[in-house]
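Please look at the sequence and the structure together.

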Amino acid sequence: TSGRQIFQPLHTLRNAEKELLPGYHQFEWQPALKNVSSSWDVGIIDGLSGWTTFVEDVPADTISRRFRYDVALVSALKDLEEDIMEGLRERGLDDSICTSGFTVVVKESCDGMGDVSEKHGNGPAVPEKAVRFSFTIMSVSIRVEGEDDGITIFQEPKPNSELSCRPLCLMFVDESDHETLTAILGPVVAERKAMMESRLIISVGGLLRSFRFFFRGTGYDEKMVREMEGLEASGSTYVCTLCDSTRAEASQNMVLHSITRSHDENLERYEIWRKNPFSESADELRDRVKGVSAKPFMETLPTLDALHCDIGNATEFYKIFQDEIGEVYQRSNPSREERRRWRSTLDKQLRNKLKLKPVMRMNGNYARRLMTREAVEVVCELVPSEERREALKRLMDLYVQMKPVWRSTCPSRDCPDQLCRYSYNSQQFADLLSTTFKYRYDGKITNYLHKTLAHVPEIIERDGSIGAWASEGNESGNKLFRRFRKMNARQSKT
């Protein structure tokens with residue numbers, strides 16, 4: 001990371017590099033996009049463009065820059081031009097006939113980043129936060145005359161790399177500031193909606209071809225999904241963004257749930273919440289709409305975010321380890337002091353045996369190291385009872401078998417056996433929690449643990465993968481963002 005700065009400011013780029021930026025290639029839409037200008041040579045624009053300002057409007061004190069969505073998609077497609085032509089050749093399709101019927105599937109990701117203030121070693125730390133919205137072209141397929149199914153001619157081999165994840169909008173906003181966030185993403189949503197009802201005509205391989213787009217908003221963590229879809233925050237009794245279960249129900253019946261929530265349904269529920277047609281009390285009304293209490297703003301695809309799932313479950317296991325060291329199953333509500341003591345014992349053991357430094361907030365790397373068989377062996381050295389040690393090892397063993405199913409890009413190819421056994425394993429896992437570890441799961445369960453146990457097979461049946469649709473590419477891009485701001489990742493403020 002040290003040495004020459006390879007990323008240059010825009011005005012010094014060479015022509016070859018400018019081709020890679022949106023606004024270089026000609027295109028048109030048929031029919032023309034509603035409320036979007038037809039000019040194609042549009043580079044970076046102000047993130048607030050598209051908003052007419054009135055005297056009464058409060059100016060959004062935010063800095064935001066973005067590309068126009070359609071221009072950015074064209075740039076991304078032109079970048080894949082060779083891959084698309086190669087795909088046509090490999091499938092034995094004559095490229096001069098294939099001029100229409102292309103379908104592009106786009107994964108959208110959006111993530112807030114904490115402190116991104118400039119670090120110069122002095123002065124107060126300003127609470128500057130940023131949100132990044134980006135997209136990845138996941139696949140391009142074509143429908144040929146006489147064939148029912150589309151033929152895939154391009155599939156993104158590394159859907160979670162920051163290299164395939166193209167930034168669309170950068171804004172200095174706090175992701176919790178719902179008003180400002182929705183104001184800035186409003187035009188993006190409008191453009192996306194317009195594009196879904198139209199075809200893109202663009203020259204690929206020397207011929208004009210027409211593409212249609214499908215957008216799948218899967219790269220959001222739970223906090224962002226709840227914000228976009230109008231659901232209550234993640235501490236709500238409605239534990240899940242995929243089904244209507246309450247936390248108590250989810251802890252009683254851990255495995256048998258199916259996906260019921262959708263963007264359209266959330267919109268209908270919001271209308272019910274707003275109008276209260278049956279004149280119910282607040283509690284009855286809330287139960288009727290299952291915790292939808294704000295207007296859903298952007299359509300996301302209900303899925304499970306693999307990265308945050310890892311982190312959420314590791315946090316949960318960390319707490320189980322702590323409780324097992326203190327033998328909480330034999331006694332009720334231990335004091336804060338005791339808990340702190342068990343925690344430092346656990347941290348010390350993990351540091352000595354596994355070189356795992358204690359972290360303030362659980363991160364992906366820590367989670368991956370903690371959720372292994374060797375970590376549980378090390379923790380078991382601190383657990384007094386043989387019986388409990390066996391239970392812990394069994395719990396981790398089941399988890400390790402389940403995990404590849406929602407982590408891998410293509411589970412049916414990478415881990416078919418674990419995929420087949422998933423439902424059985426999750427049932428065993430749930431039985432263990434509701435018996436041996438009942439003290440932690442009596443009437444409560446964490447959001448991601450519920451999703452891991454209840455929804456994984458159904459999502460995979462629908463999408464073919466969970467890992468490929470995760471937010472990781474966008475998270476890796478956050479690192480680059482910090483690099484460009486010349487502020488290295490969270491240094492300790494000493």
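Glu-175 is buried, with a relative accessible area of 13%, where buried means under 20% relative accessible area, exposed over 50%, and partly exposed in between (1.4 Å probe, protein chains only). The model is predicted, so local features need pLDDT of at least 70 and side-chain atom pairs count only at pLDDT 80 or more, while totals for chains, interfaces and linings use all residues. Residues are numbered from 1 along each chain as its sequence is written, and side-chain values use heavy atoms, with hydrogens and water left out.

The side chain of Glu-175 forms a salt bridge with that of Lys-223, at 3.7 Å from N to O. A salt bridge is a side-chain nitrogen of Lys or Arg within 4 Å of a carboxyl oxygen of Asp or Glu. This pair links distant parts of the chain, 48 residues apart: Glu-175 is in the loop between β7 (166-171) and α4 (178-196), and Lys-223 is in helix α5 (residues 222-228). The names come from DSSP runs numbered from the N terminus: helices are H or I with at least four residues, and strands are E with at least two. Lys-223 counts as partly exposed, at 41% relative accessibility.

Side chains of opposite charge can pair when their charged atoms come close. How many salt bridges does the structure hold? The structure holds 41 of them. One of them joins Arg-440 and Glu-316, with the closest N and O atoms 3.0 Å apart. Here the pair links distant parts of the chain, 124 residues apart: Arg-440 is in the loop between α15 (416-435) and α16 (447-454), and Glu-316 is in helix α9 (residues 306-325). Both Arg-440 and Glu-316 are buried.

Glu-386 and Arg-389 also form a salt bridge, with the closest N and O atoms 2.7 Å apart. Both lie in helix α13 (residues 386-407), 3 residues apart, about one turn of the helix. An α-helix has 3.6 residues a turn, so residues three or four places apart point the same way. Glu-386 is partly exposed, with a relative accessible area of 45%. Elsewhere, salt bridges link Asp-310, Arg-368, Lys-403, Arg-407 and Glu-472 in a network.

Next comes a helix. In α16, 8 of its 8 residues are buried, among them Tyr-448, His-450 and Lys-451. Its buried residues pack against α5, α6 (247-252), α9, α13, α15 and α17 (456-463), where contact means heavy atoms within 4.5 Å.

The structure also holds 12 aromatic pairs. In the pair of Phe-172 and Phe-481, the ring centres are 6.2 Å apart and the planes are at 55 degrees, so the pair is tilted. Rings of Phe, Tyr and Trp (its six-membered ring) pair if their centres lie within 6.5 Å; planes under 30 degrees apart count as stacked, over 60 as edge-to-face and the rest as tilted. Phe-172 is partly exposed, with a relative accessible area of 22%, whereas Phe-481 is buried, at 9% relative accessibility.

Tyr-399 and Phe-429 form a tilted aromatic pair, 6.3 Å centre to centre with 45 degrees between the planes. Tyr-399 lies in helix α13 and Phe-429 in helix α15, so the pair ties together parts that are 30 residues apart in sequence. Tyr-399 is buried, at 1% relative accessibility, and Phe-429 is buried with a relative accessible area of 1%.
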